[in-house]
Structures are given as structure tokens and as C-alpha cells.
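Here is a quick tour for anyone meeting this structure for the first time. Have a look at the sequence and the model, then read on.

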Amino acid sequence: MDYQDGNALAGPLSEIFSLDVTVAQGKCAACGLRGPLAQLHVYGPDPGLVARCPSCEEVVLTLVRGPNDAWLDLRGSVSLRIPIAE
Ligand SMILES: [Zn+2]
């Protein structure tokens, strides 16, 4: 199945976060791989975006956008380290 890289999350996530989270460092809950969200393998867009770990292929995050809501599921990530400009 074809996928895009994690940069495909930039537009949809920009509705939720006011900063570019694709540069955030995530940690995969399944294998512990750390890296920028831009490295994730993104499937979709229908019925939602599913971003998988480039190492173990487990789901790291899902984003489903409805007409009035966005559902962000981050259960596959241990943490996000988000750079903040000073
Ligand atoms: Zn992984």
C-alpha cells in the first residue's frame, strides 16, 4: 500500500497545533524509535490519516477530520518533544 511521508501531516495538524509538529521528535510506543514526525509513513486520507512507524510499522498516530471536529489519537507514541522558539 502506498504511503506519503510524515510531511503529509503538516497541513491537517496545523489546524490543531499552532506550530509545525512535523519537526517534533516522537517516540514509538511499540519499538522505541525516536525521530521527527516527518519520518512517519502516512496512509490515507480516507477515512482518516494513519501514521505508522518507519521501523516497526505500528500505528503511531491517527487523525480523523469530521465536519466540525478533529480526532487525534496518539496512543502509539510515548511522547512528543516539540521545539519551541525562544
Ligand atoms: Zn516503532
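## Strands side by side

Let's start with β1 and strand β4 (residues 41–43), which pair in the antiparallel sense over 2 bridges. If you want a spot to look for, find Asp 5: it stands opposite His 41 in β4. Keep in mind that what you're looking at is a predicted model.

Now zoom out a bit. The pair belongs to an open sheet of 5 strands, and its order is β1-β4-β5-β6-β7, with antiparallel pairing. Which strands sit at the edges? They are β1 (4–5) and β7 (70–73), each of which pairs on one side only. As for what joins such strands, strands of a sheet pair through backbone hydrogen bonds, either parallel or antiparallel.

Next stop, the metal. The protein donors of the zinc ion are the SG atoms of Cys 28, Cys 31, Cys 53 and Cys 56, and they lie 2.3 to 2.4 Å from it. Along the chain, these donors follow the spacing C-x2-C-x21-C-x2-C. Cys 31 is in the loop between β2 (25–28) and β3 (34–36), while Cys 53 is in the loop between β5 (49–52) and β6 (59–65), so this pair ties together parts that are 22 residues apart in sequence.

Why is the arrangement called tetrahedral? Because the 4 donor atoms around the zinc ion subtend angles of 106 to 113 degrees, and the label asks for all angles to lie between 85 and 135 degrees.

Cys 53 comes in at 1%, so it counts as buried; the cut-off for buried is under 20%.

The peptide bond from Gly 44 to Pro 45 is cis, with omega near 15 degrees. Then there's the bond from Asp 46 to Pro 47, also cis, with omega near 0 degrees.

Move on to the loop between β5 and β6 and you'll find Glu 57. Its phi is near 70 degrees, a positive value in a residue other than glycine. With a relative accessible area of 29%, Glu 57 is partly exposed.

Note on methods
Residues numbered from 1 in each chain as written. Predicted model: local features only at pLDDT ≥ 70, side-chain atom pairs only at ≥ 80, totals over all residues. Heavy atoms only, no water. Donors = N, O, S within 2.8 Å, 3.2 Å for Na, K, Ca; no water. Tetrahedral: all angles 85-135°; square planar, octahedral: opposite > 155°, others 65-115°. Helix = DSSP H or I, 4+ residues; strand = E, 2+ residues; numbered from the N terminus. Buried < 20%, exposed > 50% of the residue type's maximum accessible area, 1.4 Å probe, protein only. Pairing = 2+ DSSP bridges.
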